[in-house]
Amino acid sequence: MTFAAAPIQFANKAELYADLAEQAGGLLHGERNPIANAANFAALVWHALPDLNWCGFYLYDGSELVVGPFQGKPACVRIALGKGVCGTAATTRQTQLVRDVNAFDGHIACDRASNSEIVVPLFDGDRLLGVWDVDSPTLARFDDDDRVGMERLCAVFMASLG
Ligand code: SME
């Protein structure tokens, strides 16, 4: 099995994410606008990773999570803290790796095509910025290598904001 970040093939996910982190660093370098960087980050990941049906940001507005730059079909706009996979990532401050969204109590189904999901909380110290959410139509699409890789990518995104 190989892992594609078109048009390059990688031997494993660690190499794929290392390459993607480097690309993200280059893409976001020199710009601090959070919306601009979030939009380009979502587009980069969307085109690099196979088997996704949604990837994007929910940004914290001071009371709840509001959909931000993303790729994929239109999505739910607002998610309360503690609700769904996104709200759970925000309140627990832990990446949520959901192999089967139908088995996750409280999962919010924006698109019924989604079967697995990973959500990384984005914090600047103690300040919640939002979450990075990626969905796939394939069950168990994401594993611990994806968790490590996505957290690394999110660190690049957070660092770009200065
Ligand atoms: N499934 C998410 C909602 C956002 S959509 O996947 C784009 C959740 O349960 O929080």
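This is a predicted model: local features need pLDDT of at least 70, side-chain atom pairs count only at pLDDT 80 or more; totals for chains, interfaces and linings use all residues.

Visitor: Why is Trp46 called partly exposed?

Guide: Trp46 has a relative accessible area of 25%, and since buried means under 20% and exposed over 50%, with partly exposed in between, Trp46 is therefore called partly exposed.

Visitor: Where is Trp46 found, and which residues does Trp46 touch when those up to four places away in sequence are not counted?

Guide: Trp46 is found in helix H2, which covers residues 34-48. With residues up to four places away in sequence set aside, Trp46 touches Leu52, Asn53, Trp54, Cys55, Gln71 and Gly72, where contact means heavy atoms within 4.5 Å. Gly72 is 26 residues from Trp46 along the chain, and the C-alpha atoms of the two are separated by 8.4 Å.

Visitor: What makes a space count as a cavity, and how many are there of 30 Å³ or more?

Guide: A cavity is a set of points where a 1.4 Å probe fits but cannot get out, and by this rule the count comes to 1 cavity of 30 Å³ or more. The largest cavity holds about 150 Å³ of space.

Visitor: Which residues and elements line the largest cavity?

Guide: The lining has 18 residues, and Ile108, Cys110, Glu117, Asp133 and Asp135 lie nearest the centre of the cavity. Strand E3 (54-60), helix H3 (84-92) and strand E8 (127-136) each supply at least two residues of this lining, with H3 giving the most, 3 residues. By residue class, the lining divides into 10 nonpolar, 4 polar and 4 charged.

How values were computed: Residues are numbered from 1 along each chain as its sequence is written. Side-chain values use heavy atoms; hydrogens and water are left out. Buried means under 20% relative accessible area, exposed over 50%, partly exposed in between (1.4 Å probe, protein chains only). On a 1 Å grid over the protein atoms alone, a cavity is a set of points where a 1.4 Å probe fits but cannot get out, and a pocket is an open set with protein on both sides within 12 Å along at least five of seven lines; lining residues have an atom within 4 Å of a point. Grid points are joined across faces, edges and corners, and a volume is the space filled by probe spheres set on the points. Ala, Val, Leu, Ile, Met, Phe, Trp, Tyr, Cys and Pro count as nonpolar, Asp, Glu, Lys and Arg as charged, and the others, Gly among them, as polar.
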